[in-house]
Amino acid sequence: AAQNEQSLFWAKYIQDVDSFPSTPPTPVPSPPPTPSPTPSPTPSPTPATPAPTPSTPEPTPSPTPPPTPAPTPAPTPSPTPAPTPSPTPPPTPAPSAPPTGICIIELEMNCTTTGEGVPSIPCTEIPPETELVCSCPECVRELLFTYNGSPCEPNLAANGRCVDSLAAPFVGDITCTNTDAPTEVVVSGQFQLGETIVMTPAAGQTCIPDSLSCTISTPEGATAQTVEIDASCDGGRQLTLLENYGFFTSVGYSCDAMDRHNCLVDIVYDLEVCNRGSEEETIYFWDFILNDTVVEDLLANIPAEDTTLMTDECLSAVVTEFVNRCQDEDYCAESTANATNPTTGVPSPCDDEEEIKFSWAVEPPPPTPMPSPEPSPAPTPAPSPMPTGTCDILVEIDGCFNFTPVGDNNCEGRPVQISFRYNGGDCSQSDNLQDRQKFDCFDIEPPIGAGPPPTQAGVESYIVATQLGGGSVYFEGLVEVGKIFTLNEDLEFDKLAADMNVTVYDPTGPEPIVQGANIMQTQFIHLSCSQPLFLKDRFGSAQVVQWIEDDGRNVSCFQETVTGDLVVALDAENQEQPVRLLEMTIISNLDDEPINKTEEVFGQILEPGGEIVLEPLSIQVDLTERVRYTFFTTIIGETLDGSQMCNGFDFYECIAGVALPPFFPTLAPTPSPTITPYPTPDPETTTCEIRSVIECLVTRPFVEGGCDFLKAPTALTCTPGAELAELFLQYTGMNCQGDPWCTDSNGGPSGAGEVYIDVTDCEKAGFFQGTVSLDDTIRINSRGNFLCPEITVTIQEVDFDEETETNNGATIQTLVLPTTCPFWTLNEDYGALQLTQYTSDIDGIQTTSAEIFMNFAVDNLGAFGATVEMGNIESPFGSGPPPGLPLDLPRRTRASLLEQTATIDLIGEGGRSFDFSLQLDAVANTQFGLPCDDFANYTFTL
């Protein structure tokens, strides 16, 4: 039954049953070779008889047994190669020195196909692919491409079906959709150059669509290439194996499970070297050569102690390769093994070699496509009006949207309305400048309450905002995590209460909702603007995003804006007939649902060379975040006679928003595409595949680009006229050094191990209040620029009253420090504080030291689980084997092996290089346990 099933498969595979053997191939193509030729070869040796010993020129009258330390009167139990009926007990009158054992090694090599759904046949019987042009009776159900990174072919570029924007990224984000129905995705994922891309029907579909629109982008989201692929597979050379389609090379197609046409076929070489001699031997050399190139040292992954073989003991190895059935090929695989000690030269000779050759010739497809699937019996004087090429509609967004960056985002007048984004979460995420007397936050946890608030998007909470102490209700209702709620939304009150109580309840608790048992969080916030208030200030689970002041000033994170016009055009050079527009949609990361523009275009007639201008898209952007907005537009039409479908697509992106100071020019990430799983290979022939990973992150300060961009400070003193955004001051415990802005009292800090520090300004903004230990660092955040010319730092002995939330300790030092540049200099002492980092609008981030985080990890890229058995880490911060080995790692997962943190002196270490490396060895978690390894190194220089 297995033989019939294989025969049917391969008959369908190349449409020629006569090219296949009638019987299944044997595992070993030839009978086992005899270990060493003798004058009279014997049949195959029995298991109890070792390989025969070659006869010597002058044999003794009676053969001696295998060598022993000294000849014995009687033969050893081991039978002689050719026993006599009556062996002579006594030794020969003049015995020679005991003969040495004979070294015989035997090498075997087989080559077979492997892979899911492909019967295993000998490589010598692999047929060439005869159907290079994709042709399926019904439809194509699988397409295979390799990501090769080639630029657009001239014919595709000329008609706009392929557009190059950037060079091919090493790792590309690739998405291919149905040109006529963009929501049907046939592949979406990240692929490396050289990797195979498998395209299958979209969910709910049985066939791959006739036309595919593919976009290849960098991991950062920039479009590198767009290409449209004709996948109709009707035999008209729309899709031909080994031809390029932009960054892709076509390498396979399948019409059904039994009708596959793949250029690249995985093969496996099974190799075995055995000791067929009479003594143990060590294999010193064993290699595998393919087409005159040494592919692998087969002993490299075998422990030295395992290379010594007893009689009839063997070593095995597996080499996995692939062959191309779609082009003329000649393959020659050779393997040589040797047990001769390279130092002593004995035993000699003791080697063996094997060779497998196979080849094929492929008939190329017709040089030109047929004019139509069914040509007319005789040509007509005038050709049919139906065009032979594709009908392309040009569509684009003509320009990005305009926006005005947020200016001063501090509160200047009494708010009459304020909006918060409900983020959920506990009080610890609060980040604002209001002092303890004006802001407080409490999470009410079980059994008293139900807190803290949830953080999962879409989960509802019940929020009530009232005047502190009761009275006016400014908001009450259900709010989802991630949504915005507004106090005094209908402007019922002429202004907001100065002191507000915002309470978050669990709506799933007992009725009524507004009761103590359901409270998750309650906050006390001052909203009169006598206390600092800025956009994106966090008060527990709520974050400020907009407010309106009593003079009408509107301070908001958001801005309504529009894109450029939507332009639809028809290229007169490539299309002679007018086109009727039928459908238009835009997929954007602004919304989960496509933007439907069909009503605006349906029925409009587009003349060759003409264009239609549509209204731009209206969107709302958050100007306090730097975000990349993407728009993928598709349009469908038909010629007026209905004889041809037309389509077009466009990928456009805009970047909007400016992060609030401190200015960090990063982009909010867009959702990562899903990765199409690959077929599971044969566990018997597939080695594991791991990747050593070294990650270096700068945890303080923020450095765009990570450790590679870490550098020493360029401006020790802040530039005159620069506006300070942040100051980081380390508590050193020093007394004043005679500076006029520093005053000691009660003996000064004098190295006190713990003090209470309060930082305010003329507006009584609470920049920092809290207990600080020696060498701790405090952060003073001005929210972009200081509103007052000075800040006052009061350092006290610690005597904190939890009930009143005040510190009653004696003042030991007072600092009145200018908030202007060039007063501030790195590593300078300011009383008991030393400046370690500052940020300004001119100098950016300047710091004396940096904290880095090193992560040594391993990726299992293979189709099977793997066990990482050994490894070694080299690092300036500590070297040695990774802890926790051996480590079981499921397929396609990552595990962290070691994390290191370190503080680097950016001034003292300037010019130094930091070198890291990670070596790992693993085996596949299969019954065959095939090995793999990887090495990674990383260096950055200050």
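I count a polar contact as a pair of N or O atoms within 3.5 Å; within protein, one must be able to donate a hydrogen and the other to accept it, and residues adjacent in sequence count only if both atoms are side-chain atoms. I note that this is a predicted model, where local features need pLDDT of at least 70, side-chain atom pairs count only at pLDDT 80 or more, and totals for chains, interfaces and linings use all residues. Residues are numbered from 1 along each chain as its sequence is written, and side-chain values use heavy atoms, with hydrogens and water left out.

Entry one: D328.
I found D328 in the loop between β17 (314-324) and β18 (329-338); strands are DSSP runs of E, at least two residues, numbered from the N terminus. Its side chain reaches the backbone nitrogen of V362 at 2.5 Å. In sequence D328 and V362 are 34 residues apart, yet their C-alphas sit 5.4 Å apart in space.

Which residues does D328 touch, leaving aside neighbours within four places in sequence? I got W360, A361 and V362, with contact meaning heavy atoms within 4.5 Å.

Entry two: aromatic rings.
I searched the whole structure and got 25 aromatic pairs. In one of them, the ring centres of W741 and Y830 are 5.7 Å apart and the planes are at 35 degrees, so I logged the pair as tilted (centres within 6.5 Å make a pair; planes under 30 degrees apart are stacked, over 60 edge-to-face, the rest tilted; for Trp the six-membered ring is used). W741 is in the loop between β41 (724-731) and β42 (742-744) and Y830 is in strand β50 (residues 829-830), so the pair ties together parts 89 residues apart in sequence.

Methods. Helices (H or I, at least four residues) and strands (E, at least two) are DSSP runs, numbered from the N terminus.
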